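I opened the notebook to record what I looked up here, beginning with the sheet and moving on to the salt bridges.

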Amino acid sequence: MRIKQGFKLRTVGKEHIVAGEGLAQIDFNKLISLNSSAAYLWQEVEGKDFDEQTLADLLVSKYDIPAGQALADAADIATNWIEAGIAER
């Protein structure tokens with residue numbers, strides 16, 4: 001999985017927003033709001049290949065949560081990113 005080219009994470013006040021930039025995303029007309037955990041994951045995997053396990057490992061290391069919960073949360077985040085059109089398998 002990979003974050004699609006042309007999407008950038010911006011912090012506006014306390015909000016974390018993903019927006020399309022450049023010609024590759026000219027038809028993308030949404031702003032995607034991320035919570036702080038999802039923004040952390042985005043920053044860690046931006047420009048890299050990753051999978052749900054990578055996201056789960058990052059969650060466990062930062063938040064010290066059970067591995068099963070982290071994997072379920074990571075799968076949800078990955079699915080949301082793909083459905084929003086900001087990541088691809």
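I count two strands as paired if DSSP finds at least two bridges between them. The model is a predicted one.

Entry: the sheet. I found three strands in an open sheet, ordered β2-β3-β4, with antiparallel pairing. β2 (7-12) and β4 (31-34) are the edge strands; each has a single partner strand, so one side of each lacks a neighbour in the sheet. Strand β3 (residues 15-20) pairs with β4 through four bridges, in the antiparallel sense. I also asked which residue of β4 is the bridge partner of I17. The partner is S33.

Entry: the salt bridges. I count three salt bridges.

D49 and R2 meet through their side chains at 3.0 Å, N to O. D49 lies in the loop between α1 (36-45) and α2 (52-63) and R2 in strand β1 (residues 2-3), so the pair ties together parts 47 residues apart in sequence. D49 is exposed at 61% relative accessible area, while R2 is partly exposed at 33%.

R10 and E21 form a salt bridge at 2.3 Å, N to O. R10 belongs to strand β2 and E21 to the loop between β3 and β4, so this pair ties together parts 11 residues apart in sequence. R10 is partly exposed at 42% relative accessibility, and E21 is partly exposed at 32%.

E52 and R89 form a salt bridge, with their closest N and O atoms 3.1 Å apart. E52 lies in helix α2 and R89 in the segment after β5 (87-88), so the pair ties together parts 37 residues apart in sequence. I noted R89 as exposed, with a relative accessible area of 67%.

Technical notes
Residues are numbered from 1 along each chain as its sequence is written. This is a predicted model: local features need pLDDT of at least 70, side-chain atom pairs count only at pLDDT 80 or more; totals for chains, interfaces and linings use all residues. Side-chain values use heavy atoms; hydrogens and water are left out. Helices (H or I, at least four residues) and strands (E, at least two) are DSSP runs, numbered from the N terminus. A salt bridge is a side-chain nitrogen of Lys or Arg within 4 Å of a carboxyl oxygen of Asp or Glu. Buried means under 20% relative accessible area, exposed over 50%, partly exposed in between (1.4 Å probe, protein chains only).
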